[in-house]
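I opened this model to look up a few things and note them down. The entries follow the order in which I checked them.

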Amino acid sequence: MESLKFVRKPKRPLPQNNRITDQRTLDAKEINPNAEQPSQAATRLIVSSSPHFLNTESVPKIMHNVVTALLPATAASVYFFGWRALLLIIVCVVACLATEYAFQKIRKQPIKIHDGSAIITGMLLAMTLPAGFPIFGAILGSVFAIGVGKQLFGGLGYNIFNPALLGRAFLMATYPVLTTTWVWPRTMEKAIDAVTAATPLVMAKFEGKFDVPIMDMFIGNTAGSLGETSAIAIILGGLYLRYKGYINWKLPLGYLGTIAVFSAIFWYVNPAKYPSPLFHLFAGGAMLGAWFMVTDMVTSPVTSLGQWIFVIVAGILAVVIRLFGGLPEGVMYSILFMNAFVPLLNKHTRPKVFGEVKAQKG
Amino acid sequence: MNNIVKMFLNLIVIGALSGIILSGVFGVADPMIKANKERELKEAIFVVLPGAKDFKVLEKTVGQEKLIVYKGIDENGAPVGVAFKADGGGFQGNIGLMVGLETNYLKLRAIEVLEQLETPGLGDRIREEAFKDQFKGLEVKPKVEYIKYRKPEKPNQIQAITGATISSDAVVKNINRAVEKVVANFPQEEMTRAEAAPQAAPKEAGNGK
Amino acid sequence: MANSLGYEFKKGLWQELPPFRLVLGLCPTLAVTNSAVNGLAMGLATIFVLFTSNILISLVRKTISAQVRIPAYVVIIATLVTVADLFLAAVFPDISKSLGPYIPLIVVNCIILGRAEAFAQKNSILPTAADTLGIGIGFIISLTIMGTIREVLGFGSIFGVKLLGEWFEPWIVMILPAGAFLVFGGLVALVNWISSRKAEKAASAAMSR
C-alpha cells in the first residue's frame, strides 16, 4: 500500500520532463484515437523542444548556481538596508529548509533539502519583503511557500505556482499593512522625520509623483523590498545565469520588453500622467520578477510559443495593474496569474511531432 | 385529466397557503424592521450631532435627486447642527456615512459609518473611533484633505489609515461631495433658525414627517 | 430501508457531514463563516428551514403529484426562508445585517432540496425529523468550526471575546474569501484523513480476526 502512493515520484527530480511525458501520453491518445493503445516506448519518442540541458545537469548544481546569482542582490540589500536584511534572508532560508524537511519526513519521502531549491525559495521570498518585516511573518510566509506552494502539490517539479511568490501573496493578504510598510535605505538622509517610506510605485499610484531619479532606482537607492530596489545587482545575477546557460533569454527580456513597450504607449500619449518605461523597468519587482521568477524552470512554459505568450501577457498585466489596478505593484500577481496557464500553454503550443497527422473524423 | 387537475390544485393550495403565512409574518415583522431602521438612523444622527435632543427633516429636490438633511435641535429648539447622509464607492462597495456639520457650515461636528464593505482589518478601520475622531471639529473649507504617513498639518486635514488609502480617500471624497451639495442647496438661514422646542417625550417625537 | 432513527440522526454528524463529506451547501459555508457567531447563526437559520420544510414535505408527500413536486418544494422552502429572513431582520437586526443576502440564498442551498428529494419524499415524519436534525446539526457544527478557526486566526477572538493577546498579529487573509477556501481545504483533508485512518484500522482489525 505504502509504495503505491508514491509511484509517481520520479527517481531524480527532473520534474519538467516527467510532467511533459505524462501529458504526452494523454495527448497521443487524443491526437489519434484510431491508433492502437500507444506503447510506452512510442510516447517516449516525443520530446519537448527545450530546455534540453536539464538532462545533463543535476538539480543541486543548477540550484546552487541560482543561489550564487542571487548573491549580488543579497549584498546590495545588506548595503542599503543593513544587517536586518541579512537576518530576514537567513530566517526565510532556514524556515523554508525546515518546512521542506518536516514535510518530507512526515510523508516518509527521501530527504532532499540539500538540493538547494528550498534555499532559493527562501532567498527569493525574503527579497520580496520590506526590510522591517517582522520575523514571525517571514517564518509564516516561508512555511506557506514551501508547505502549500510546493509540498502539497507533490514537491519540487509538481508545483503550479512559484512558491516564493505564493508565499509573498499569502503574506500580502495576511499582513497587508506590514508587507507595505517600507523603510528608507540607510544611504538616504531624507527619512528622519517620516515614519514610513513610500516606494516609487506607491508615490506614482497614490500621489501621482514619479520624480525619483532613474539612477537611484537603477542602483537601489530608494525604498522598497530587499531585492527589488537595486536593478543593477539583479541584472548582474541574471547575466550570470544566462552565461551559465540556465535561463532562456526569451523569458526575462520578453517580460521586460513587454513592460517597456506597453508602458511606453501610455507614456507617449500622456507623459504627465503616466511614468516612463524606464521607471516601470527599474521600479518595484519588475527586475527581480523578470530574472528570477518568470524564469523559474518549473513554473514557466517549455515551448517557444508558450514562452512568448507567457511573458507578453504577464508583462501587459503587470503594467495594467500598476496603472489602473487597486495595487501599486502588479509584478507578483501577473506572474502568479500566468503560472496558472502554464499547463494549458504547454499542451496547446507543443510543436508538431514528426509524422503526426490530424485525427480523422468518423 | 384527473392528474392535471391534481397538479393545479397542488400548486394553487401550496401557493395560497404560503401567501397567507407570509402576509401574516410580514404584518408582524415589518413594523419591527421599520422601527429598527428608524432607531438606527436616529442613533446615528445623535452621534454626529452631540447635544441634539431631536431633529427636523428638511427635504429638497434638486433635479432628479432628493436631498434630505436632518436639522438637529437641543431641548429649547435651538439648532445644534445639521446631519446628512454621504454615500459613495469605496474599495469594494458603497460606503454610507452620516455626517454632522455645524450650522455655520465651517466645521464638521462628527461622522458615523452606517454601512461599509471594506476589507476587514484594513479598510474597515474607518469604523474605528481613532479614525472617526479625526473629523471632529475639522474645517471643511476649502475642502477636507488627507495626508499619509504624517500627522495632519492643516486644520482641514486628517491622516489616512496606513494600508487603506483608498478607503480613507473614499470617506474624504464622500464628505466633500455631500457637504458641497448641502451648502449649495440649503441656505444657511434655514439652519440657524430656531425651531419649536421638542415635546416632552423626545423618543417618540423624532419623526418630523 | 428501515434504518433505526438513531442511525438516521447520526449519519449527518459524520458519515454524511454536509459540507466536508457531501460537499454540499458550500455557498454559505464559504461566504459567511468569517466569525463564529455568523457561522452559528447561518447554521441555525438553515436548520430551521431544513427541518420545517422537510417535515412539511414528508407530510404532503402523498398528495403532491410527482410532476410538480419540485416547484411545490421550492415554494415551501422559499416561504420558510422568507419567514426566517423577516424574523432575523425584525429581532436580530445586527446578525441580519452581517449575513446580508446569504439568508435569502438559503433557498438555493442544495442541502435542503437534496434532503427533500433524497429522503423526505420517501419517508414518514419521524425518520425525516431524525435525518434533517442530524444533517442540520452537522451543518451547524461544520459552520461554527469554520467560523471559529477563521475568527481566531483573523481577529484573534472567539465569539467576539478576545482570545489572543496583543502579541498576535491577525491574519487578515482568514477573514477574506481566500481564507475560507484555505480553511475549507484543510478541514476536508482532515476529515478524509481521519476516516481513512478509521477504515485502515477497521480493515486491520478484520484481518487479524
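**Leu88(C)**

I started with Leu88(C), which is buried at a relative accessible area of 11%. Buried here means under 20% relative accessible area, exposed over 50%, and partly exposed in between (1.4 Å probe, protein chains only). The model is predicted, so I noted the ground rules: local features need pLDDT of at least 70, side-chain atom pairs count only at pLDDT 80 or more, and totals for chains, interfaces and linings use all residues. Residues are numbered from 1 along each chain as its sequence is written, chains are lettered from A and ligands numbered from 1 in the order in which they are written, and side-chain values use heavy atoms, with hydrogens and water left out.

I placed Leu88(C) in helix H5 of chain C, residues 69-91. Helices (H or I, at least four residues) and strands (E, at least two) are DSSP runs, numbered from the N terminus. I then listed what Leu88(C) touches: Pro93(C), Ile95(C), Ser96(C) and Ile103(C), leaving out residues up to four places away in sequence. Contact means heavy atoms within 4.5 Å. I also checked Leu99(C): it lies 11 residues from Leu88(C) in sequence and 9.9 Å away in space, C-alpha to C-alpha.

**Cores**

Which residues touch the most other members of the largest nonpolar core? I found Tyr255(A), Trp291(A) and Phe292(A), in a core of 98 residues. Helix H4 of chain A (residues 59-81) gives this core its largest share, 11 residues. A nonpolar core is a set of buried Ala, Val, Leu, Ile, Met, Phe, Trp, Tyr and Cys residues joined through side-chain atoms within 4.5 Å. A second, separate core has 32 residues, including Val69(B) and Ile111(B).

I followed Tyr255(A) further. Its contacts beyond four places in sequence include Lys250(A), Ala286(A), Val311(A) and Ile335(A).

**Chain B**

I counted four helices and seven strands in chain B. From the N terminus the order is α-β-β-β-β-β-α-β-β-α-α. Of its 209 residues, 42% are buried. Among contacts in chain B with a separation of 6 or more, 53% join residues 24 or more positions apart.

**Chain A against chain B**

How many residues does each chain bring to the contact? Chain A brings 10 and chain B six. I looked for salt bridges across this interface and the count is zero. The rule wants a side-chain nitrogen of Lys or Arg within 4 Å of a carboxyl oxygen of Asp or Glu.
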